[in-house]
Each structure stands twice: as C-alpha cells, then as structure tokens.
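Today I am looking up aromatic rings and what surrounds them. My notes follow the structure.

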Amino acid sequence: MTLASSQNNRAEAQRVLAQFAATGVETCFHGRHISPQIFAGLDGSNWRLKDYEARGGYQALRRILGLDGNQTAGNANAAAMTPDQVTAEVKASGLRGRGGAGFPTGLKWSFMPRQFPGQKYLVCNSDEGEPGTCKDRDILMYNPHSVIEGMVIAAYAMGISVGYNYIHGEIFTAYLRFEEAIEEARAAGLLGDAILGSSFKFQLHAAHGFGAYICGEETGLLESLEGKKGQPRFKPPFPASFGLYGKPTTINNTETFAAVPWIIRHGSQAYLECGKPNNGGTKIYSVSGDVELPGNYEVPMGTPFPKLLELAGGVRKGHTLKAVIPGGSSSPVLPAAIMMECTMDYDSIAKAGSMLGSGAVIVMDDSRCMVESLKRLSYFYMHESCGQCTPCREGTGWMWRVIDRIHKGQGRPSDLDLLNSVADNIQGHTICALGDAAAMPVRAMIKHFRHEFEALMKPTVAGNAPIPTLSQRERASTEARSA
Ligand SMILES: Cc1cc2nc3c(=O)[nH]c(=O)nc-3n(C[C@H](O)[C@H](O)[C@H](O)COP(=O)(O)O)c2cc1C
Ligand code: SF4
C-alpha cells in the first residue's frame, strides 16, 4: 500500500467511525449481556490502554510474570507462572476455539513443540468472513487490548516471540484501531524485547487481508500472510508443525485470545463454572435476521436459546419463529421447535444436528422462503470457492444452478435427489472445510423444509404459467446442458 492510499484509507476510516458515532449503530453497547467478560464496561470510546488497565487489563500478564500491581521485573515479588502452568490453566478452563470448530484451546497450545530451535509463530485469525458473524470486529474496535494481552500470554505459554493478527480487509477501521493499540502496548513495554523488564520478548504485527472468505481458513490465511494466493493447504501437516513460512505455528480466533486474560485473572474454575462442563465461559453471539434488536450478545455458555432470543427483542412483531441457523451460514438450519429446546453451547447444538460454529445466530421468521434463503447461501459458497478442488469448484456452482431453477419454478422431480447427491460428493472430499460448509446447509434445508422445495416444483395450472422470456429459455437450456 502506498503512503497516499494509506492516508486515504485512514481518512475514510475516520469518516466511517464518525458516522457510527452519529447514528449510534447498535452492536455491543446495549447493556443486555449476561455476566460479560469481554464486553464488560465498554462504551465505544474506552478502548485505549489506560481504559483497559483501569478495568484490570494486563494484570493477567503481570501475574504470569510474577509482578504485583504496577511492578516491573526488576522488583518482582509474586511467584511467576511457568509456561506449562499457563497452558494447564487454559486447558482446565474448558475454553474452546471461538473460530468455528470449537477445538479445546489449551490442548491446541500443548501441540506447539516448545523446544523447537527455530522461529515459531502465533497468529490471530480476525478474518471473520462467515456470513452473520460480526463479533470479532467489535472486540478489535472496542477492546483491542484484550486480544493483545491474550496473545502475549499465549506466546509466553508456547515460547513464541513473533505474532501476527490477520484482519479482514473489509473492516479496515478495525485494522487501524488494532494497529494503534499495538503502538500503545509497545510504548508501555507490554510488547517488544523485554516485556515489563523481563527476559520475555514478543513482537506483534497487524496484517490485513482483502476480503476473501477462504482466507479465514487457517492454512489459506497462512498462504495469504506469506503474500501468496489464499488457497488452503493439505493437512496434515498441521500448522503446529508446518505453519507460517513452514515453521511451527498456533492459530486462534480473536475471541479465543480475548477470553484468555479473564481466565488467568479469575482462574480456570471460575471460567468453567460460568459455562457448562466442556463448554467454559461466555460466548459472544451475533444475532441477526428477523429479530427486533439485532446485535452482539455475550452470555454464558449453556444459556437457553429462548433467553438469547428474548435479549435480542424476540422475533419481528407480527411474525413467528420458523427456523434458526445457529452458528454462521455453514451450520445446518434447525426448525423452530428443535431450536427452542436447545441451550447455546457446542454440545447441545451438535446434539440437535447442527453446529455452534462462530456463534452467528441467524433468525428466520414465517415470512422467509427457505428455497430463496438457500439460493442466497449457495451463491455465496460458489463465489467464495477458491477453485483448487473439483468437487467444491464444480459442485458449489452446480448446487446453486439447481436451487436457482427450483426457485424459478423450473425444478424437476429428481432435483432434490440430485442436490443431495452433489452435496454428498462434496462433503468430506475436499482439501478444506469450505466444501463441507457449502454442502451441509443444502442437506439440512432439504431435510427440514422439503415441502417448500416440492411446492415450487408442482406443475403450474395450465393457462396460468408465465411465458418464459428469451433469456430465461436460453438460460434454461444452458442449465439443462450443465446439469
Ligand atoms: C472456509 C473457512 C473459513 C473460516 N473462517 C474463519 C474466520 O473467519 N475466523 C476464524 O477464527 N476461523 C475461521 N475458520 C476456522 C479456522 O480455520 C481455524 O479453525 C480457527 O481460526 C482456529 O481458531 P480457534 O481454535 O480459536 O477457533 C474458517 C474455516 C473455514 C473452513
Ligand atoms: S474445498 Fe473449496 S475452498 Fe477449500 S481448497 Fe477446495 S476448492 Fe478451495
């Protein structure tokens, strides 16, 4: 990026921020969180280092380094925590990765070969491209130091001296904010060569992507961070052994890192008790769609879904709940009756047949056509496929074309079997999980709302059928050839 374009971007970012402030856009400043840990005490302006420290920020870092209050290493008197103790604490907390897969964070940290003699890397995944998800940008904007402190603690636990935060290119304001927070932390000796006067060093840098969803997949992200096309790598080898520049690397989501300081300050037991066994702590849900008060809601893991819905103002007035996509667009849709029985945690949602994923809760009321909604989702996956593997490259487009023709009333009786078969041939047969993410919503929509697809395929009453336009006829024949 040139200096001029960087200055233009900064000016644009300031303009967007001013607009946010003027319109009072509601995201996380609504006071309807339950026992918040990451969003506690935020008002939109208190994101700076001094504000974070006033909320108890960087006390967790001081604690692991054996420093009390504002001490530096020269006059430390509290017992430091060893890297193993820090990892054990995170393991015991039941923290699971907030990026989508819900992998236990402490376990992931223990895979890092700490004694590896060369460079090791720590990467924060702030790509946040999953439709419906908008929590990481709020953390970066309004509590960036929680992510920095979480990363410094993780680096200490795994013996890592260099880290990057890869931030989605379309949230440039968050990138600039994070850069500013890094500068503050560096100036205060919280990042750099001798953190708080100790022998522990950790350099942190911000990097921005350009908006591709696939760059959120961890190995696609690493390729992009290396300056290459963001195309996922085969796994194994996993990043813990072959990551950034081929070196051992640990990647965690923004919210995952932001949760760490609270765990060290208050203890793993308190974190675990705040949630459910195997599902520790709070989780930020991005509630969108047909609700009165969309926004980010931080609540303890295991909160009943009806409670979360109530916090978000309930279903739009005059409508009833039809279905919910509980964890971002790639998680299978669940009908209202099933969803109303769920609690919001990894295990309950999995038991109901879906995934908690990134925690993006998309609420759909009785006005929604499920075929149209699926068509929109399928278009997204077709557009975002990186094209490396045939089942995903060809299958995502094929599924979209079939759904599109059903939506237009031109579906064939065999189309639902065809869609399930294409989805079967994608799922589990691709390099990365984008293929699964494209296939799962299709299968779930057909499973739960088959009647809506079939209704659109019923022959139109003779004489009422609209006459297809020339372009529709041309398109239909192209589709017939490609299907
Ligand atoms: C297509 C695709 C997109 C993804 N996008 C994101 C993302 O935007 N942010 C994220 O944290 N994880 C994303 N993930 C998951 C990451 O690959 C990885 O599992 C995660 O960053 C690990 O962090 P965690 O253990 O803290 O969850 C994506 C995965 C796939 C397959
Ligand atoms: S599954 Fe799709 S997005 Fe993932 S590597 Fe293959 S083609 Fe690319």
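This is a predicted model: local features need pLDDT of at least 70, side-chain atom pairs count only at pLDDT 80 or more; totals for chains, interfaces and linings use all residues.

Entry 1. F111 comes out as partly exposed, because its relative accessible area of 46% falls between the 20% and 50% cut-offs. I then checked F103, and that residue is partly exposed too, at 34%.

Entry 2. How are the rings of F103 and F111 arranged? Their centres are 6.1 Å apart and their planes meet at 50°. That angle lies between 30 and 60 degrees, so I logged the pair as tilted.

Entry 3. Next I turned to Y156 and F200, an aromatic pair with 5.3 Å from centre to centre. Here the planes stand at 75°, and I noted the pair as edge-to-face. Where in the chain do Y156 and F200 sit? Y156 belongs to helix α7, residues 144-158. F200 is in the loop between α8 (172-187) and β3 (203-208). The two are 44 residues apart, so I marked the pair as a link between distant parts of the chain.

Entry 4. Are Y156 and F200 buried or exposed? Y156 has a relative accessible area of 15% and is buried. F200, at 12%, is buried as well. Both values are under the 20% cut-off, which is why I use that word for them.

Entry 5. I also looked for rings joined into a cluster, and found Y121, Y164 and Y245 linked by ring pairs. My tally of aromatic pairs stands at twelve.

Entry 6. Last, a charge over a ring: K283 lies over the face of Y285, and I noted 5.7 Å from the ring centre.

Key:
Residues are numbered from 1 along each chain as its sequence is written. Chains are lettered from A and ligands numbered from 1 in the order in which they are written. Side-chain values use heavy atoms; hydrogens and water are left out. Rings of Phe, Tyr and Trp (its six-membered ring) pair if their centres lie within 6.5 Å; planes under 30 degrees apart count as stacked, over 60 as edge-to-face and the rest as tilted. Buried means under 20% relative accessible area, exposed over 50%, partly exposed in between (1.4 Å probe, protein chains only). Helices (H or I, at least four residues) and strands (E, at least two) are DSSP runs, numbered from the N terminus. A charge sits over a ring if NZ of Lys or CZ of Arg is within 6 Å of the ring centre and within 35 degrees of the ring normal.
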